[in-house]
Amino acid sequence: MLSLWDGLPRGARMGDGRREGVRLEPVVAELEHVCVDFEGERVLDRVDLRVPRGAFVGVIGPNGAGKTTLLRVLLGLVRPSCGHVRLFGRDINAFRDWHRMGYVPQRAVAFETRFPATVREVVLSGRAGRVGLGRRFGPRDHAAVEWALRTAGLWDVRDRLVGKLSGGQQQRVFVARAMANEPDLLLLDEPTAGVDPEGEERFYELLRSLRRERGTTLVLVSHDVAAVAREVSQLVCLNRTLFCHGAPEEALRDGTLDRLYGARHLVVSHRH
Amino acid sequence: MDLLHYGFMQRALLAGAVLAVAAPAVGVFLVLRRLSPIADTLAHVALAGVAAAVLLGVSPAVGALVLAAAGAMGVERLRASGRLFGEAALALFLSGGLAVALVLLSLARGVNADLLGYLFGAVTAVRPEEVWWIAGLGLAAVGTVVAFYKDLFAVTFDEESARVQGVPVDALNLLLTLLVSVTVVVGMRVVGILLTSALLVVPALSALQLARSFLEALLMAVGFGVVSVVAGLAGSFYFDVAPSGAVVLISIGLFAASTWASRWWRR
């Protein structure tokens with residue numbers, strides 16, 4: 001069983017327990033021997049993973065490694081063919097508190113740039129599920145949206161069309177939409193793909209502040225090994241099954257990337 | 001305004017106004033979800049309902065509504081199952097609906113069925129009792145859009161993220177398709193089965209050229225719809241041309257104008 005207890009932020013609720021050597025804090029997401037099959041092909045094979053509260057977990061791996069599938073299992077969008085998934089201590093089939101989960105999809109697949117929606121409209125839509133079908137947004141929803149917009153540095157562009165923003169700003173809109181729901185666990189799928197370096201740095205700064213100030217647990221899937229290894233507290237290497245886990249410097253020792261990607265990719269990664 | 005002195009024009013304008021508000025309000029969601037062809041498909045299925053109603057001797061509106069709603073559920077099921085390519089499933093329903101209508105109408109030989117009226121609209125022939133159900137269905141469609149506005153927006157913008165949040169995506173997809181079928185039945189009397197999808201799609205397209213928010217897109221689309229219907233009916237009265245053709249041509253003219261204006265319109 002993989003356990004991810006290291007590298008937690010100082011201010012997170014997790015930290016104090018760990019200093020005293022007591023592991024009292026709950027695990028927010030847990031996969032146990034999880035397999036996923038698509039049309040007879042095994043995409044994930046007996047994956048064990050525990051994500052403790054307050055952790056920042058980065059999931060890396062080559063194309064087709066099952067990274068996005070892993071996120072989709074945690075989001076309840078893909079049913080595993082074997083194993084168990086628990087969210088906040090409950091079996092996923094009995095889990096109802098979906099508002100505690102935030103999801104930031106890949107920008108390219110989530111979004112039609114000609115869609116006439118303002119930043120504020122999109123961020124507000126993040127609370128639709130929490131408010132309930134046919135009910136109106138109230139003052140609490142608008143307050144949560146204002147907080148999300150200000151924290152994500154989007155307050156000044158709140159009435160602009162999302163499609164008119166830069167790639168980095170658009171990605172922060174999707175994080176703000178998830179934040180507006182005040183999630184305890186935020187799952188991000190390739191969030192910085194197509195974002196310029198400056199936008200990427202602002203994006204990671206936002207994630208750091210979320211973790212520091214709200215203790216939000218983060219699970220981020222990315223192909224950008226260098227950036228992920230720099231930011232996360234725990235690294236998970238996935239290629240259908242788990243190759244490595246633990247703090248980034250430990251996880252990447254002994255030619256792990258070589259085994260994960262093949263030797264050629266390793267050279268490219270070292271240039272970062 | 002001498003056209004308002006005539007009872008048939010008053011009824012035409014009332015029925016047209018109801019469609020002018022309902023169709024674009026539903027159409028904005030439909031266009032942004034890339035489901036515009038569903039409107040045309042369900043219109044043809046509704047024609048089969050009209051034919052069945054004529055054969056059974058019941059109200060054509062009831063027949064159209066029942067079959068269009070059944071067609072909506074069938075289309076949505078086929079689409080969601082992913083077993084057919086999306087548009088191929090629609091072609092199946094569209095041609096199937098028309099074929100059933102033709103067979104049933106040929107069986108009903110001798111019955112006075114105003115097929116051309118249903119195909120091309122006969123808004124100036126709307127009877128007083130018909131205005132009531134047209135207004136009722138149209139207002140129900142608009143009321144549903146208003147009541148579920150935030151949910152329909154969430155699903156339209158990003159279906160998967162809405163699903164993750166616990167928004168009942170499948171139920172809302174079905175609701176949208178049912179709204180289309182209701183709107184199509186209203187449109188059947190006003191602009192006819194062949195042109196009803198134009199009032200769902202074209203005002204929405206015009207609004208999408210200019211809107212600076214989603215709410216603005218919705219309101220602009222309704223505005224374009226109302227202008228098209230009122231100007232089209234007035235034009236048909238004064239120039240003695242087919243009302244449905246005039247309405248749709250004005251709608252397309254507004255689309256051309258909004259596309260031209262969008263070059264200078266700051267968004």
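Let's start with the contact between the two chains. Chain A puts in 24 residues, and chain B puts in 25. On the chain A side, three elements each supply at least two residues: β6 (101-104), α4 (119-125) and α5 (128-131). Of these, α4(A) gives the most, with three residues. What is the class make-up of that side of chain A? There are 16 nonpolar residues, six polar and two charged.

Keep in mind that this is a predicted model. The scores are ipTM 0.91 and pTM 0.87. For chain B, the mean pLDDT is 90. In that chain, 97% of residues reach 70 or more.

Now chain B, and its helix α1, residues 7-32. How far apart should the ends of this helix be? It has 26 residues, and at 1.5 Å a residue, they should span 38 Å. The end C-alpha atoms are 38 Å apart, so the two agree.

Is α1(B) largely enclosed or open? Count the buried residues: 19 of the 26. So α1(B) is largely enclosed by the rest of the structure. Just past the helix comes R34(B), with a positive phi of about 60°.

That helix matters for the next item, the core. The largest nonpolar core has 175 residues. Its biggest share comes from α1(B), with 16 residues. Which residues have the most contacts inside the core? They are V26(B), A46(B), A68(B) and V180(B).

Last, some strand pairing in chain A. Strand β1, residues 27-38, pairs with strand β4, residues 82-87. The sense is antiparallel, over five bridges. C35(A) has C82(A) as its bridge partner in β4(A).

β4(A) also joins β5(A), residues 90-91, by two bridges, again antiparallel. Here L87(A) stands opposite R90(A). How many residues lie between the strands of this hairpin? Two, and F88(A) in that hairpin takes a positive phi near 50°.

Methods
Residues numbered from 1 in each chain as written. Chains lettered and ligands numbered in written order. Predicted model: local features only at pLDDT ≥ 70, side-chain atom pairs only at ≥ 80, totals over all residues. pLDDT = per-residue confidence, 0-100. Contact = placed C-beta atoms within 7 Å. Helix = DSSP H or I, 4+ residues; strand = E, 2+ residues; numbered from the N terminus. Nonpolar A, V, L, I, M, F, W, Y, C, P; charged D, E, K, R; others polar. Expected span 1.5 Å × (residues − 1). Buried ≥ 20, exposed ≤ 12 C-beta atoms within 10 Å, placed from the backbone. Core = buried A, V, L, I, M, F, W, Y, C linked by C-beta atoms within 7 Å. Pairing = 2+ DSSP bridges.
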